[in-house]
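Here is a short tour to read with the structure open beside you. Take the headings in order, or jump to the part you care about.

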Amino acid sequence: MGSDAFEIAINLVKMIVIFLLMVQLVPLLVWIERRGSAFIQNRFGPNRVGPLGLTQLLADAVKFIFKEEFIPSRSRKFLFYAAPVMSLIPGALAFGSIPLSLPINVEAFEMFGQTWGPYRFAFQSFEIGVGIVFVLGISSLGAYGMLTAGWASVNKYSIFGALRASAQMISYELALGLSLVGIILIYGTFDFSVMISEQTGPLSFMWFGSEVVIPFLPNWGIFYQPLGALLLFITMFAETNRAPFDLPEAEAELVAGYHTEYGGLKMNMFYIGEYGHMMVASALMTTFYFGGYHLPFVDPDTVNTALMYNGYSATMASVLTALTFHLVFFAKLFLFLWIFIWVRWTLPRFRYDQLMDLGWKKLLPWALANTMVTAVVVFLMRSWS
Amino acid sequence: MTSLVAILILALFVVAFGAGLLFLVSLVGPKPKYSSLKDSTYECGLPVQETGHSKIPVKFYLTAILFILFDIEIIFMYPWAVSFTEFIEQGMGLHVLLSMGFFLFVFIFGLVWEIKSRALEWN
């Protein structure tokens, strides 16, 4: 985590701030979802409490807190309380491993009569070299939260909702894992930061021994892996249990799925888990296929130099550059989050056999084909010269 | 190693955050009042037919078993994908490509077998 007290303290604060950032984005997303669905369905949505209905979030939070703490007496008490907490973990850990901006370079400085630094702080909770494998492994733990909730509720709707949710998650995880092999083949790394740094500049690749440069397109992963991007995008909807794959919550058949017996803040924690999962999914799409925190055709070094030229110190310029590119990342993140919401209020739900057929018989073979074609093309292009 | 410590600390913080929040909320909210009707299993207003754990369709077990088989096969592709470029640079590209081709053949054979044996039919 660091070598001295300053570095360890900053890393701890950073970790907690990023987690709280994720939690605090959830009410905002709920607001966007309610306003967005109202917009799509030609309604008003929440617009009474505060400007644009924004303080509705606060009112909802207060209501959640002062709810009666009721749990059914036949339920398994410990697991009933543990399930909402368990559903928080995967989203928080996976989101923490994704780089949200450029690393910040802090120059050496004097404090308490001692020289500190220089330091380099990554703009993420923790740096982990095997990023993709870690995120895949952690986000599949989400099934445990749901399964525990369904099992602990002792209610047939809950247990069937939980079973469906976990069967759906593991089925789509195959296509999800396989659709990422193509992008790993192209970049040859598991590390998110390396992957993002390879997506800078204009689109350029080797084509039978000669280098092709297309100056008006950014060097993004989607131009190398369009099918992989589409497959990842579809499977992410299923992994987050969002419409059109929200079979676990098919209210016409299963009341509310695995959280039928939950209420108040415990129910809200499942929402935090689900929206956290959505944020991870959007962040992965951004990182793999849309250049991460990079703005096309803008070199971060230029921004940094321009800031230093305007009289900022090296540390300050680094912080400001990182914050600028953080905003770029969030713009891309919110674009995908909006697509999640848009799709939910546009498409109808699948039937369960259609859902399983799509996962096993369509997405999995397509992901296999994508892997094979990518491998052959990478082999031909790399070994030509 | 240090990142593993960071992950552990973050996981503990998240658990403490969630558990602490649940505990604080239980202090603030009104005490629950139980009645036999309120405590009964949710059944759309009708008398309760069956509570909790009825039989679970065997399809779910089958899906889980198939998932484990295929997921392990996919995980084997990850180290291959990451080191493929290095193998090409050392002139072993064709050998590695064909090895994975054989592995994928086994994978596809298994998938076709599952589909033909109607293990994945849900209707």
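N42(A) counts as exposed, because it has 6 C-beta neighbours inside 10 Å and the cut-off for exposed is 12 or fewer. You will find N42(A) in the loop that links α1 (5-40) and α2 (56-65) of chain A. Its backbone is worth a look: N42(A) is not a glycine, yet its phi is positive, at about 60 degrees.

F297(A) has a positive phi too, of about 65 degrees, although this residue is not a glycine. Look for F297(A) in the loop between α11 (264-289) and α12 (300-309) of chain A. Is F297(A) buried or exposed? With 12 other C-beta atoms within 10 Å, F297(A) is exposed, because a count of 12 or fewer is what that class requires.

## A helix crossing in chain A

Next, turn to α11(A) and helix α13 (residues 314-344) of chain A, whose axes come within 9 Å and cross at roughly 120 degrees. The two helices are therefore oblique to each other, and α11(A) passes α13(A) in a right-handed crossing. On the α11(A) side, the contact is made by M278(A), M279(A), S282(A), A283(A), M285(A) and T286(A). The α13(A) side brings F329(A), K332(A), L333(A), F336(A), L337(A) and F340(A).

## Where the chains meet

How many residues does each chain put into the contact? Chain A contributes 65 residues and chain B contributes 55 residues. On chain B, the side that touches chain A draws at least two residues from each of α1 (2-28), α3 (58-89) and α4. Of the elements there, α1(B) gives the most, with 18 residues.

## The layout of chain B

Chain B is divided into domain 1, covering 1-30, and domain 2, covering 54-123. The C-alpha centres of these two domains of chain B are 37 Å apart.

## How confident is the prediction?

Please keep in mind that this is a predicted model. As a whole, it scores ipTM 0.84 and pTM 0.88. For chain B the mean pLDDT is 82, and 90% of the residues in chain B reach 70 or more.

Technical notes
Residues are numbered from 1 along each chain as its sequence is written. Chains are lettered from A and ligands numbered from 1 in the order in which they are written. This is a predicted model: local features need pLDDT of at least 70, side-chain atom pairs count only at pLDDT 80 or more; totals for chains, interfaces and linings use all residues. Domain bounds come from an automatic or database domain assignment. pLDDT is the predictor's confidence in each residue, from 0 to 100. Helices (H or I, at least four residues) and strands (E, at least two) are DSSP runs, numbered from the N terminus. A residue is buried if 20 or more other C-beta atoms lie within 10 Å of its own, exposed if 12 or fewer, and partly exposed in between; C-beta atoms are placed from the backbone. Axes are lines fitted to C-alpha atoms, for helices over the stretch in contact, and angles run from 0 to 180 degrees between N-to-C directions. Angles under 35 degrees count as roughly parallel, over 145 as roughly antiparallel, 65 to 115 as roughly perpendicular and the rest as oblique. A crossing is left-handed if the near helix is turned anticlockwise from the far one by less than a right angle, and right-handed if clockwise. Two residues are in contact if their C-beta atoms, placed from the backbone, lie within 7 Å.
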